[in-house]
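Here's a quick briefing to read alongside the model. Have a look at it first, then we'll go through it by topic.

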Amino acid sequence: MQESNNQWAAIDCQSLQTAYLAALQRPILNRINFTIQNGEFVTLLGLNGAGKSTLLRSLMGLVPIHQGSVTISGMPLSPRTLPQIRQKMGILFQGGGLIPQLSALDNVLCGRLGQLPSWRTLTGFHHSDRRRALELLDHLGLKELASQKTRCLSGGQQQRVAIARALIQSPKILLVDEPIAGLDVLATQQVMDTLAQLNRDGITIVAVLHDLAIAAKYAERAIVLDQGTVVHDGSPHQLSAHFQMQA
Ligand SMILES: Nc1ncnc2c1ncn2[C@@H]1O[C@H](COP(=O)(O)OP(=O)(O)OP(=O)(O)O)[C@@H](O)[C@H]1O
Ligand SMILES: [Mg+2]
């Protein structure tokens, strides 16, 4: 675990390993080591099946860790620390994970469910939560679409709703899994610019991407996974050698 500027690193993984999987004849994640400092914008790259989504999910305590450790802002990941850790970290799952028949506003409010006592979910959201959700949608250029069902929104608009949902708990760290999959150039730029602005506002970003040019444009550091191990951790430029077909 590393400290910088008297603060804990945002994310620290030491020899992180998931259980052995017979189908793969290896663990999905195999002795992963890296430290991400507060305020970094890191892209996580790798071919399909490399383990990127599993790695993001393991940082949120959604995948059992067989060996090694994950430490978030100085807190070792454990059942006891998980609620606190989940308050610090927002995640945008691959595919967005929105509920299509709910409005943009209600989808954003769903991001609060993990922090509310169950009785509160029966009585409805507090008006301060609704105000915050509207502020976020406004901030992301979606205020006019707040009452639209998300199935009626474009892919780029849906991704921004998903970002708003991840932001409603004011995370210090944002994990985003393929936020620009299927988007056109304009929507891609909007979503990536949104992430860049959040990063300038001080949020640590870890983004799974497949586009090397976009990764090099927005991230300051790339971690490349191959078959569950880190094969590159450093500059996001000139990474194509890691993605060439093997003869
Ligand atoms: N719950 C699971 N049970 C068994 N195997 C799994 C499970 N989740 C993922 N895997 C396997 O682990 C490997 C890594 O999957 P993961 O979804 O992390 O890859 P990825 O790098 O995100 O790929 P993609 O770019 O396609 O999204 C794959 O071989 C996948 O089949
Ligand atoms: Mg994935």
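What radius of gyration does the protein have, and what would a compact globule with 247 residues have? The protein has 18 Å, which agrees with the value near 18 Å for such a globule; the radius is taken over C-alpha atoms, and the globule rule is 2.2 Å times the number of residues to the power 0.38. This is a predicted model, where local features need pLDDT of at least 70, side-chain atom pairs count only at pLDDT 80 or more, and totals for chains, interfaces and linings use all residues. Residues are numbered from 1 along each chain as its sequence is written, while chains are lettered from A and ligands numbered from 1 in the order in which they are written.

**Confidence**
- Mean pLDDT (the predictor's confidence in each residue, from 0 to 100) is 90 for the protein, with 92% of residues at 70 or more.
- Strand β7 (residues 41–45) scores highest, at 98, and strand β1 (residues 3–4) lowest, at a mean of 48.

**Helix α1**
- You'll find 8 helices and 14 strands in the protein, which are DSSP runs numbered from the N terminus (helices: H or I, at least four residues; strands: E, at least two).
- Helix α1 (residues 52–59) has 6 of its 8 residues buried, meaning 20 or more other C-beta atoms, placed from the backbone, lie within 10 Å of a residue's own.
- Those buried residues are K52, S53, L55, L56, S58 and L59.

**Around ligand 1**
- Helix α1 gives the largest share of the shell around ligand 1, 3 residues.

Conventions
Buried ≥ 20, exposed ≤ 12 C-beta atoms within 10 Å, placed from the backbone.
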